[in-house]
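Hi everyone, thanks for coming. Let's take a look at one helix and its neighbours together.

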Amino acid sequence: MSGLADRMAATQTQVHGPPCAMAAVFAVLDGTDTEALTDALADRHITARQIVDALAPEHVVSIQVVGRHRRRDCRCDRV
């Protein structure tokens, strides 16, 4: 690899900070709830606000967290 390719490969494997808030939610859900949340995240007819409201008050996440997770722009996809 060239120098740039080596540096780019290294940046893709570095994950800093706490885990994705959605990963924390998934970690405590049972199988049925995990499936329901996965389906809701995949369904573009369900808004991030609806997901946030359905998770509350047991699981507090923001609309932005749901959006990042849906776009696969969170730490879940960088590990």
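Exposed means over 50% relative accessible area, buried means under 20%, and partly exposed is in between, using a 1.4 Å probe and protein chains only. Helices here are DSSP runs of H or I with at least four residues, numbered from the N terminus.

A quick word on the source: this is a predicted model, where local features need pLDDT of at least 70, side-chain atom pairs count only at pLDDT 80 or more, and totals for chains, interfaces and linings use all residues. Residues are numbered from 1 along each chain as its sequence is written, and side-chain values use heavy atoms, leaving out hydrogens and water.

Now, which residues of α3 are buried? They are Leu 37, Ala 40 and Leu 41. Seen down the axis of α3, the buried residues fall within an arc of 100 degrees, so they line one face of the helix; the arc is taken from the directions from the helix axis to the C-beta atoms. And here's a handy rule: an α-helix has 3.6 residues a turn, so residues three or four places apart point the same way.

What do those buried residues pack against? Their partners are α2 (21-28), α4 and α5 (63-70), with contact meaning heavy atoms within 4.5 Å.

Finally, the loop between α3 (31-42) and α4 (48-55) holds Arg 44. Arg 44 counts as exposed because its relative accessibility is 57%.

Note on methods. Helix = DSSP H or I, 4+ residues; strand = E, 2+ residues; numbered from the N terminus.
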